[in-house]
Amino acid sequence: MRLAVERLRVKRGGRTILADFALEVKAGEIVGLVGKNGCGKTTLLSAIAGVLAPSDGRITVDGASVWGARSERQRARRSLGYVPETADPPGFLLGTELWSLCAASRGANPPSEALRAALGLDELREIAIERMSLGQRRRACLGAALVGPPPLLVLDEPDNGLDAKRLDAIVTLLKEHADNDGATVMASHDAALLEQLGARIVTMNVVT
């Protein structure tokens, strides 16, 4: 099992966003999270990525706990690539610096020629994140997430700000990742994109 979420409970601002939530994602699987705003899609992905601490429950990536002891936590987080909803890594970093940092953290090579071509990364190499448009930041973050690539991709609205050419590239990249036993869990409002990916749909509901 690439990803296992068990009995997850997350609170934000005193409000319970997720309560006893469970999810499993197998190798080779793409899971699409859908639901109304406020149902917890971004909260869930943030907890999986190690950004937002849950108040209870367990999240494991390839058996290693995202919120466990330090060595286990490092192994889990190095096994995933994350694109947050806001696509906002440190703004002072150049594109090439962002990808090099991610590659070093995973013991991987910088983005391959094929990945650079698919996402148009070469034109972003010497541009600071803070000077990039939304679509450019999204492409830069996708490039960082896919360096390696890691076994699990955690993507929050990865299609935001992308044109049709780059959307086609994302479909190809994620399908190739699945064909190589990678897994993806992603939130998207684009039903057509999720259908193209052959994603298993998980509908999330607002906690009442």
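Begin with the open sheet of four strands, whose order is β2-β1-β4-β5 and whose pairing is antiparallel. Strands here are DSSP runs of E with at least two residues, helices are runs of H or I with at least four residues, and both are numbered from the N terminus; two strands pair if DSSP finds at least two bridges between them. This is a predicted model, in which local features need pLDDT of at least 70, side-chain atom pairs count only at pLDDT 80 or more, and totals for chains, interfaces and linings use all residues. Residues are numbered from 1 along each chain as its sequence is written, and side-chain values use heavy atoms, with hydrogens and water left out.

Select β2 (15-25) and β5 (64-65) next: these are the edge strands, each pairing on one side only. Strand β4 (residues 56-61) runs antiparallel to β5 and is joined to β5 by two bridges. Within β5, S65 is the bridge partner of T60.

Now display helix α1. This helix packs on the sheet and touches β1 (3-12), β2 and β4, where contact means heavy atoms within 4.5 Å. The direction of α1 makes about 120 degrees with that of β1; axes are lines fitted to C-alpha atoms, for helices over the stretch in contact, and angles run from 0 to 180 degrees between N-to-C directions.

Follow α1 (residues 41-48) to β3 (30-34), β6, β7 and β8 (183-187), across which the helix lies, at about 145 degrees to β7.

Turn next to the open sheet of five strands, ordered β6-β7-β8-β3-β9 with parallel pairing. At its edges stand β6 (80-83) and β9 (200-203), each with a single partner strand, so one side of each has no neighbour in the sheet. From one strand to the next, the twist averages 15 degrees.

Finally, select β6 with strand β7 (residues 152-156), which pair in the parallel sense over four bridges. Here Y82 stands opposite V154 in β7.
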